Amino acid sequence: MTRDQVTQGAAATGELTAVQQEREELPDTPLTPAQAFDALYTFCAPALVRQTYLLTGRRELARESVERAFQLAWQRWPEVAVDRDPAGWVRIMAYEYALSPWHRLRPRHRDPDPPAADPSDRALMAVLLKLPPRQRRTLLLYDGVGLDLPETAAETEASTPATAYRLMNARAAIAARLPDLIDPSDLHERLALLASTQRLRAAQPPAVRTGSERRARFWTRAAIAFTVALIGTTALTLRTAPTHYEPPVPPGAEVHGVPPRVGQGALSEAEVELREKLRESTVSGPERLVPVGR
């Protein structure tokens, strides 16, 4: 990643002046991946946290969204470093995470943040949060960040006419509640002022890189553990599964017409004599096999 890409990314988030000052101090040498990431994060994260706060109205969610976006950027840094607009790449990830409907199920994000102290700020934030998420995102990108209509349409994955329609509806909703913001330039200034009055701070770049690496290791180990468990389950199934078809045993049926079993009674005299004779006879030898002549 070059210094020009860092400059372009910071300009998209409203930090161009600071980047130009820092650019004069940087030596004319290639940046390492960590240095390039830290430079992008330092100049883009503060403004991106303020933008995400306007998008969600929650300070903690705004910081979390930006950190997750930069963690994902560090995991895919070879791809992000050569991107045409690295700051735009991170901004898309942050906005997508911030607007995820799954946050409604999290207890820490169910209750809204305390309202701003200024009545005008409270009114503007209330109007913004009542807008549909797509209109709010379009308004923030166009009137807040300063993207043109085709860029806003591309970032929101919508056609240019649909993006223009969303923008007009969002402006009309704000003008209906706040007539003094009917001018787009006034709306841009009020959005910037509302974001700057909030005490929003981003984490340090090394902490974000460390968290990204820790998260990557966790998911790698989880994937390995799941794969091992799946292989073990498959092997156990193959070991214990039957190798041929065994038809089920039919249920028993009652049989009629069979005479009842009768117990053996006492032996007669002839049967007793025969039993004694058999007991006294030879039990081995040829006499057992050769018939006795009559």
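The expected span of a helix is 1.5 Å times one less than its number of residues. I start there because helix H13 is the case to hold against that definition. H13 covers residues 269-280, which is 12 residues, and reaches 17 Å from its first C-alpha to its last. The expected value is 16 Å, and the span is close to it. As for cover, H13 has hardly any: the count of buried residues among its 12 residues is zero.

Now the whole chain. This is a predicted model. The chain has 294 residues, and 33% of them count as buried. Among contacts with a separation of 6 or more, 72% are between residues 24 or more positions apart.

Next, helix packing. Two packed helices are described by the angle between their axes and the distance between the axes. I have two pairs to show, and H12, residues 205-240, is in one of them with H4, residues 59-75. The axes of H4 and H12 come within 9 Å and cross at roughly 70°. That makes H4 roughly perpendicular to H12, since angles of 65 to 115 degrees are given that label. The crossing of H4 and H12 is right-handed.

Which residues make that contact? On the H4 side they are Glu67, Arg68, Phe70, Gln71, Trp74 and Gln75. On the H12 side they are Val208, Arg209, Gly211, Ser212, Glu213, Arg215 and Ala216. By class, this contact divides into four nonpolar, four polar and five charged residues.

The other pair is H3, residues 33-56, with H12. Here the angle is about 115°, and the axes are 9 Å apart. The crossing of H3 and H12 is right-handed. H3 contributes Ala34, Phe37, Asp38, Tyr41 and Thr42, and H12 contributes Pro205, Val208 and Arg209. The classes for H3 with H12 are five nonpolar, one polar and two charged. Note that Val208 and Arg209 are listed in the contact with H3, and Val208 and Arg209 are also listed in the contact with H4.

On to helix H10, residues 160-177, and to Thr163, which is found in it. Is Thr163 buried or exposed? Thr163 is buried, because its relative accessible area is 0% and the cut-off for buried is under 20%. Leaving out residues up to four places away in sequence, Thr163 touches Thr138, Leu149, Thr152, Ala153, Thr156 and Ala158.

Arg171 also has its place in H10. At 27% relative accessibility, Arg171 counts as partly exposed. With neighbours within four places set aside, the contacts of Arg171 are Leu139, Tyr142, Asp143 and Pro184. There is also a C-alpha separation to report: Arg171 and Leu187 are 16 residues apart along the chain, and their C-alpha atoms are separated by 8.9 Å.

Last, a backbone angle. Most residues other than glycine have a negative phi. Glu157 has a positive value, with phi near 55°. Where is Glu157 found? Glu157 is found in the loop between helix H9, residues 149-155, and H10. At 72% relative accessibility, Glu157 counts as exposed.

How values were computed: Residues numbered from 1 in each chain as written. Predicted model: local features only at pLDDT ≥ 70, side-chain atom pairs only at ≥ 80, totals over all residues. Heavy atoms only, no water. Axes fitted to C-alpha atoms, helices over the stretch in contact; angles between N-to-C directions. Helix = DSSP H or I, 4+ residues; strand = E, 2+ residues; numbered from the N terminus. Parallel < 35°, antiparallel > 145°, perpendicular 65-115°, else oblique. Left-handed = near helix turned anticlockwise from the far one by under 90°. Contact = heavy atoms within 4.5 Å. Nonpolar A, V, L, I, M, F, W, Y, C, P; charged D, E, K, R; others polar. Buried < 20%, exposed > 50% of the residue type's maximum accessible area, 1.4 Å probe, protein only.
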